Amino acid sequence: MSRENGGERYVKTFNAWCHLTVKLYAVIMRFDSLREITSATMMEWRKLAHLGIKDLPRRSTLSDANARRSHEIFGKIYQGLYLAYKDKLSSDSSSGKVPKWMKKLQIIDSTTISLFSNLVFKGVGRNPKTGKKKGGMKVHTCIHGNEGVPCDVEFTSAATHDHFMLCPGKLNRGDILAIDRAYIDYAKFEEMTRRGIIYVTKMKQNLTYEVIKSTCYMNEKGLMQWKEESVVFRKEVASKDGETGETEKKVIEHHARIVTYIDEKKKGLAKLIRLLTNDLDTEYEEIVAIYKARWAIESLFRQIKQNFPLRYFYGESANAIKIQVWVTLIANLLITLLQKGVSRSWSFSGLATIVRIMLMYYIDVQGFLEHPEKDWEETLAAMIEGPPDIVGTEK
């Protein structure tokens with residue numbers, strides 16, 4: 001992949017394989033600087049040599065590679081790994097534990113990575129009265145509901161609006177999209193409806209619409225259980241005529257459904273949640289379940305930020321920052337595969353810690369993760385039994 005994309009041009013020893021291996025080592029071990037990486041590789045050079053790293057990388061070598069080798073190469077490596085292990089990442093819905101709509105569910109959202117400088121990626125918000133404005137990079141992500149890792153990733157500055165990721169042309173008929181209210185776009189929603197794509201999102205407070213029909217469903221106590229409204233959104237948009245090139249205005253009409261339900265929070269506090277969808281027939285419980293499944297992408301963002309170093313970067317250029325994010329996503333994918341490959345239940349953070357500790361040891365990782373206490377139990381059993389009896393000797 002690196003040769004095909006020009007990543008090995010003018011390279012003597014530190015090729016893309018060494019670059020990826022060293023960066024994975026740094027990300028999993030949570031190193032904060034190039035100095036830590038080079039110091040650690042000096043101590044572990046005998047083991048790293050088994051991976052094909054023949055020359056220890058210097059700080060200047062790492063810095064030059066982060067600046068010159070395109071981040072797109074690491075993106076292609078991630079996509080190749082994702083496609084190769086996609087079946088193992090998917091949950092088995094044949095057992096009946098996973099609803100049928102989960103296989104068709106896609107979730108889109110973004111997370112912002114704060115940067116010290118505003119020069120590389122433009123930050124969002126007002127300029128502070130004191131100090132410099134920090135920059136930020138948005139990682140726009142799409143995941144399948146039954147996989148838990150990104151299937152599509154785009155990088156922009158923090159000032160870029162989220163809704164550019166809403167591309168109906170990339171979706172297939174029958175797909176279900178769970179999104180946040182930042183992605184509301186009537187024109188794209190109407191195109192999704194024509195293509196047979198279902199979306200579920202949260203309502204904004206300032207939306208203007210016409211109510212066609214409203215039905216309120218009560219419980220046994222006479223209190224509202226949920227409410228359903230059939231509505232029409234109208235918006236005037238400008239479009240260019242393909243033949244004359246003149247700009248003309250037209251009105252978009254989008255028919256949708258608003259589902260209002262009571263979300264029981266902790267400590268007995270209830271909150272009204274209003275969901276917007278173009279699915280006019282599905283039961284409200286399923287619509288609510290689809291939107292709640294959107295939380296999987298929030299958990300993914302929290303998982304990545306808590307277990308990998310994304311507060312300190314190994315370079316100041318945009319390319320170096322993107323490489324580190326791609327390598328972090330690769331590490332997250334590999335540990336997720338390890339988590340799904342063992343029958344014992346491990347939390348992701350617990351598994352990431354174990355991998356970090358045992359990374360440079362010669363150990364049967366699979367066997368240890370299945371039964372971590374095996375060696376300890378065998379040692380205790382041998383101590384309890386005592387020394388073996390000596391047969392055929394005189395007292």
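Reply: In this predicted model, the second largest pocket is lined by 23 residues, and those nearest its centre are Tyr10, Val11, Lys12, Phe14 and Arg69. The space in this second largest pocket comes to about 520 Å³. Helix α4, residues 59-68, contributes the largest share of the lining, namely four residues. Sorted by class, the lining of the second largest pocket consists of nine nonpolar, seven polar and seven charged residues.

The largest pocket has a volume of about 760 Å³. Its lining is made up of 25 residues, of which Leu24, Ile28, Leu51, Leu334 and Leu359 are the closest to the centre. Two or more residues of this lining come from each of α1 (16-29), α3 (45-48), α5 (71-84), α10 and α11, and α1 gives the most, with six residues. In terms of class, the lining of the largest pocket divides into 22 nonpolar residues, two polar ones and one charged one.

Two of the elements that line the largest pocket, α10 and α11, also pack against each other. The axes of α10 and helix α11 (residues 348-358) come within 10 Å and cross at roughly 105°; angles of 65 to 115 degrees count as roughly perpendicular, and α10 and α11 are therefore roughly perpendicular to each other. On the α10 side the contact involves Asn332, Ile335, Thr336, Leu338 and Gln339, which meet Phe348, Leu351, Ala352 and Val355 of α11. This contact of α10 with α11 has six nonpolar and three polar residues, and no charged residues.

Helix α10 has a further partner in α9: the axes of α9 and α10 come within 11 Å and cross at roughly 105°, which makes α9 roughly perpendicular to α10. Leu300, Gln303 and Ile304 of α9 make this contact with Thr328, Leu329, Asn332 and Thr336 of α10. By class, the contact of α9 with α10 has three nonpolar and four polar residues, with no charged residues. Asn332 and Thr336 take part in the contact of α10 with α11 and also in the contact of α10 with α9.

At least two residues of the cavity lining are supplied by each of β1 (105-115), β2 (135-144), β3 (150-157), α9 (295-307) and α10 (318-340), while α9 gives the most, with four residues. The lining of the largest cavity has ten nonpolar residues, three polar residues and one charged residue.

Turning to strand pairing, strand β9 (residues 270-277) pairs with strand β5 (residues 198-202) in the antiparallel sense over three bridges. Strand β8 (residues 247-264) also runs antiparallel to β9, and eight bridges join β8 to β9. Leu276 of β9 is a point where both pairings can be followed, being the bridge partner of Thr201 and also the bridge partner of Ile258.

Definitions and conventions: Residues are numbered from 1 along each chain as its sequence is written. This is a predicted model: local features need pLDDT of at least 70, side-chain atom pairs count only at pLDDT 80 or more; totals for chains, interfaces and linings use all residues. Side-chain values use heavy atoms; hydrogens and water are left out. Ala, Val, Leu, Ile, Met, Phe, Trp, Tyr, Cys and Pro count as nonpolar, Asp, Glu, Lys and Arg as charged, and the others, Gly among them, as polar. Two strands pair if DSSP finds at least two bridges between them. Axes are lines fitted to C-alpha atoms, for helices over the stretch in contact, and angles run from 0 to 180 degrees between N-to-C directions. Angles under 35 degrees count as roughly parallel, over 145 as roughly antiparallel, 65 to 115 as roughly perpendicular and the rest as oblique. Contact means heavy atoms within 4.5 Å. On a 1 Å grid over the protein atoms alone, a cavity is a set of points where a 1.4 Å probe fits but cannot get out, and a pocket is an open set with protein on both sides within 12 Å along at least five of seven lines; lining residues have an atom within 4 Å of a point. Grid points are joined across faces, edges and corners, and a volume is the space filled by probe spheres set on the points.
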